[in-house]
Amino acid sequence: MQIHLDSDKCQGHNRCYALAPELFDVDDYGQAVLLVDGDVPADLHDKARLAAANCPEYAISVAE
Ligand code: F3S
């Protein structure tokens with residue numbers, strides 16, 4: 001699974017960080033930062049989908 005964060009769309013809602021702190025961090029401006037280099041480890045696929053589904057700005061996408 002691949003995960004992509006569109007930083008231009010991120011408005012700092014931080015639901016991604018709350019739901020999947022293994023995949024996301026928050027920078028000094030409150031914007032999301034991806035902690036993985038595109039590839040999502042198998043045990044985090046559910047969390048990746050959850051984060052993508054819960055971003056109000058649709059800034060996160062996953063490709064199976
Ligand atoms: Fe940004 Fe969406 Fe996360 S707006 S901080 S990517 S929940």
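A salt bridge is taken here as a side-chain nitrogen of Lys or Arg within 4 Å of a carboxyl oxygen of Asp or Glu. The model is predicted, so local features need pLDDT of at least 70 and side-chain atom pairs count only at pLDDT 80 or more, while totals for chains, interfaces and linings use all residues. Residues are numbered from 1 along each chain as its sequence is written, and side-chain values use heavy atoms, with hydrogens and water left out.

**First stop: D46 and R49**

Select R49 and D46, whose closest N and O atoms are 2.9 Å apart in a salt bridge. Both residues belong to helix α2, three residues apart, a separation of about one helical turn. Helices (H or I, at least four residues) and strands (E, at least two) are DSSP runs, numbered from the N terminus. D46 is exposed, at 58% relative accessibility, whereas R49 is partly exposed, at 34%. For these terms, buried means under 20% relative accessible area, exposed over 50%, and partly exposed in between, with a 1.4 Å probe and protein chains only.

**Second stop: E64**

E64 is exposed, with a relative accessible area of 67%. Through shared partners, salt bridges join D46, R49 and E64 into one network.

Next, select E22 and K47, whose side chains meet in a salt bridge of 2.8 Å, N to O. E22 is in the loop between α1 (15-19) and β2 (24-26), and K47 is in helix α2 (residues 45-54), so the pair links parts that are 25 residues apart in sequence. E22 is partly exposed, with a relative accessible area of 37%; K47 is also partly exposed, at 29%. The count of salt bridges comes to three.

The surrounding residues are L5, C10, Q11, G12, H13, N14, R15, C16, A32, C55, E57 and I60. This shell divides into six nonpolar, four polar and two charged residues. Ala, Val, Leu, Ile, Met, Phe, Trp, Tyr, Cys and Pro count as nonpolar, Asp, Glu, Lys and Arg as charged, and the others, Gly among them, as polar.

Methods: A residue is near a molecule or strand if one of its heavy atoms lies within 4 Å of it.
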